[in-house]
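Dear colleague,

I am passing on the structure below for your files, and my notes on its charged side chains follow.

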Amino acid sequence: MEFIWTTDLSSNNYKDAVKIRNKVFVEEQLVPPELEIDDLEDQTQHVIGYLENKAVSTARIYKKTQVHSKSNEWLF
């Protein structure tokens with residue numbers, strides 16, 4: 001598996017992450033879309049896992065302080 005990190009909200013990698021998050025959280029878990037894509041998007045690192053060139057996992061990592069990070073989503 002290859003992992004790509006991005007902070008570019010206009011990148012195809014970020015769009016792949018959003019597709020996975022929408023499927024899992026909005027469609028399957030019925031989270032309102034406005035809660036899933038929130039005001040932290042531009043403050044987080046987005047990690048997308050690719051298997052055979054297909055996006056299959058994503059995580060969003062938010063740096064709370066210089067020492068602590070928080071991952072609020074790991075989807076595999």
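E41 and R21 form a salt bridge whose closest N and O atoms are 2.8 Å apart, a salt bridge being a side-chain nitrogen of Lys or Arg within 4 Å of a carboxyl oxygen of Asp or Glu. Because E41 lies in the loop between α2 and β2 (44-51) and R21 in helix α1, this pair ties together parts that are 20 residues apart in sequence. Both E41 and R21 are buried, where buried means under 20% relative accessible area, exposed over 50% and partly exposed in between (1.4 Å probe, protein chains only).

Please bear in mind that this is a predicted model, in which local features need pLDDT of at least 70 and side-chain atom pairs count only at pLDDT 80 or more, while totals for chains, interfaces and linings use all residues. Residues are numbered from 1 along each chain as its sequence is written, and side-chain values use heavy atoms, with hydrogens and water left out.

R21 also meets E36 in a salt bridge (2.6 Å, N to O); E36 lies in helix α2 (residues 33-36) and R21 in helix α1 (residues 12-28), so the two tie together parts that are 15 residues apart in sequence. Helices (H or I, at least four residues) and strands (E, at least two) are DSSP runs, numbered from the N terminus.

D38 forms a salt bridge with R60, with the closest N and O atoms 2.9 Å apart. D38 is partly exposed at a relative accessible area of 25%, whereas R60, at 3%, counts as buried. R21, E36, D38, E41 and R60 are linked in a network of salt bridges, and the structure holds 5 salt bridges.

Best regards
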